[in-house]
Amino acid sequence: MSTSDFKRTYGVSQETFQKMIEVVLKAKIGKRGCHSKLSIPDQILLTLQYLREYRTFFHIAQDWGVHESTAYRIVRRIEDVLIKSEEFRLPSQRQLQKSG
């Protein structure tokens, strides 16, 4: 996928995506218990898809071949890790409205 298509699809650049992978891998999620069917990069893409499109977990789960509750847990886990890292910041609602 081209750089511009990737950003249009997932809302972040490929460089930001790589940084997200590094942060999540450092957090060592998924090292205990049952291992996820999806790799860490796929889990991040699933999360970005949810945040970008606001589709239901049911529909996203169908796309990725996982159960709806699994998609929910993945999104919550990835969001928590990225928020705790404090390396990523979403623009405020006011900034989004100003940009159109």
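User: So what is the mean pLDDT of the protein?

Analyst: The mean pLDDT, the predictor's confidence in each residue from 0 to 100, is 86, and 84% of the residues reach 70 or more. This is a predicted model, in which local features need pLDDT of at least 70 and side-chain atom pairs count only at pLDDT 80 or more, while totals for chains, interfaces and linings use all residues. Residues are numbered from 1 along each chain as its sequence is written, and side-chain values use heavy atoms, with hydrogens and water left out.

User: Where is confidence lowest, and where highest?

Analyst: Helix α6 (residues 93–99) has the lowest confidence, with a mean of 64, whereas helix α4 (residues 57–64) has the highest, at 96. Helices here are DSSP runs of H or I with at least four residues, numbered from the N terminus.

User: OK, aromatics: how many pairs are there?

Analyst: Searching the whole structure gives four aromatic pairs, where rings of Phe, Tyr and Trp (its six-membered ring) pair if their centres lie within 6.5 Å, and planes under 30 degrees apart count as stacked, over 60 as edge-to-face and the rest as tilted. One of them joins Phe 6 and Phe 17, which are tilted at 55° between the planes and 5.4 Å centre to centre.

User: Which parts does that pair tie together?

Analyst: Phe 6 belongs to helix α1 (residues 3–10) and Phe 17 to helix α2 (residues 14–27), so the pair links parts eleven residues apart in sequence. Both Phe 6 and Phe 17 are buried, meaning under 20% relative accessible area with a 1.4 Å probe, protein chains only.

User: And what about Tyr 50 and Phe 57?

Analyst: Tyr 50 and Phe 57 form a stacked pair, 4.5 Å centre to centre with 15° between the planes. Tyr 50 is buried at a relative accessible area of 16%, and Phe 57 also counts as buried, at 15%.

Note on methods
Helices (H or I, at least four residues) and strands (E, at least two) are DSSP runs, numbered from the N terminus. Buried means under 20% relative accessible area, exposed over 50%, partly exposed in between (1.4 Å probe, protein chains only).
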